[in-house]
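Here are my notes on this one, in the order I'd go through them with the model open. Have a look at the structure, then read on.

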Amino acid sequence: MRRLVQVLISFLFVSAAFAEQAESDSALEHAVHGPHHLSVLFADTHVSGEGDGFTFGIDYEYRVSKLFGVGAVVEKVYGELEATTVLAVADIHFQHGLIVQVGPGFERRHDENVFVARIGMLYEFELEKLTLSPQLHWDYHDGETNAIVVGFALGLSF
């Protein structure tokens, strides 16, 4: 987990070079490139007392307005945690790429479904149609230990 955090910090510094080009109005960019956004997540999921697992995910968003988008997230955690999470999410877009993501869903783990609620933050750097976004999410699991998901996503607006 420490190594992943170090990689993310390095990623933020490298991505800062793209920030100036991403300064244009988010709504204008999405109007030009379309309201759809699809991204692939690479992350580490940590559950206290249970371990860590490499996480691969797909995130789809439809931008309803400059401020608001709706979509879905599907993530697969490998290794010690071995789980699949499906979420319906709302993305609240703040100025200059800052996004808060919230939503309910369920997780399939140990042959049972568990209710999950997510709250997370990400910062989306845009370069034309492409996006890079470091992310941090907290997943509440009903009756189970909660999880922290730290990673980055590569995306495409269309």
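1. Let's start with voids. A cavity here is a set of grid points where a 1.4 Å probe fits but cannot get out. Keep in mind that this is a predicted model. Searching the whole structure turns up five cavities of 30 Å³ or more.

2. The one I'd click on is the second largest cavity, at about 60 Å³. Its lining is made up of His37, Ser39, Asp59, Glu61, Asp91, Ile99, Gln101, Leu122, Glu124, Ser133 and Gln135. By class, that lining splits into two nonpolar, five polar and four charged residues. Strands S1, S2, S5 and S8 each contribute at least two residues to the lining.

3. For S2, the covered face carries Gly51, Gly53, Thr55, Gly57, Asp59, Glu61 and Arg63, while Asp52, Phe54, Phe56, Ile58, Tyr60 and Tyr62 sit on the uncovered one. Asp59 and Glu61, from that covered face, are among the residues lining the second largest cavity.

4. Strand S1 (residues 36-47) runs antiparallel to S2, with twelve bridges joining them, and Val47 stands opposite Gly51. The two form a hairpin with three residues between them, where Gly49 in the turn has a positive phi of about 85°. With strand S3 (residues 68-77), S2 pairs in the antiparallel sense over nine bridges; Asp59 has Val73 as its bridge partner there. S2 and S3 also make a hairpin, with four residues between them.

5. Further along, S5 and strand S6 (residues 112-123) pair antiparallel over twelve bridges, including Val102 opposite Ile119. This is a hairpin too, with two residues between the strands, and His110 in its turn has a positive phi of about 55°. S6 is also joined to S8 by seven bridges, again antiparallel.

6. On to charges. Side chains of opposite charge can pair when their charged atoms come close. The count comes to six salt bridges. Which residues are linked in a network of salt bridges? They are Glu50, Glu107, Arg109 and Glu144.

7. With Glu107 it makes a salt bridge at 3.3 Å, N to O, and both Arg109 and Glu107 are buried. Arg109 has a relative accessible area of 5%, so it falls under the 20% limit for buried. Arg109 also bridges to Glu144, where the closest N and O atoms are 3.7 Å apart. That pair links distant parts of the chain, 35 residues apart: Arg109 is in strand S5 (residues 98-109), Glu144 in the loop between strand S8 (130-141) and strand S9 (147-157). Glu144 has 30% relative accessibility, so it counts as partly exposed.

Notes:
Residues are numbered from 1 along each chain as its sequence is written. This is a predicted model: local features need pLDDT of at least 70, side-chain atom pairs count only at pLDDT 80 or more; totals for chains, interfaces and linings use all residues. Side-chain values use heavy atoms; hydrogens and water are left out. A salt bridge is a side-chain nitrogen of Lys or Arg within 4 Å of a carboxyl oxygen of Asp or Glu. Buried means under 20% relative accessible area, exposed over 50%, partly exposed in between (1.4 Å probe, protein chains only). Two strands pair if DSSP finds at least two bridges between them. On a 1 Å grid over the protein atoms alone, a cavity is a set of points where a 1.4 Å probe fits but cannot get out, and a pocket is an open set with protein on both sides within 12 Å along at least five of seven lines; lining residues have an atom within 4 Å of a point. Grid points are joined across faces, edges and corners, and a volume is the space filled by probe spheres set on the points. Ala, Val, Leu, Ile, Met, Phe, Trp, Tyr, Cys and Pro count as nonpolar, Asp, Glu, Lys and Arg as charged, and the others, Gly among them, as polar.
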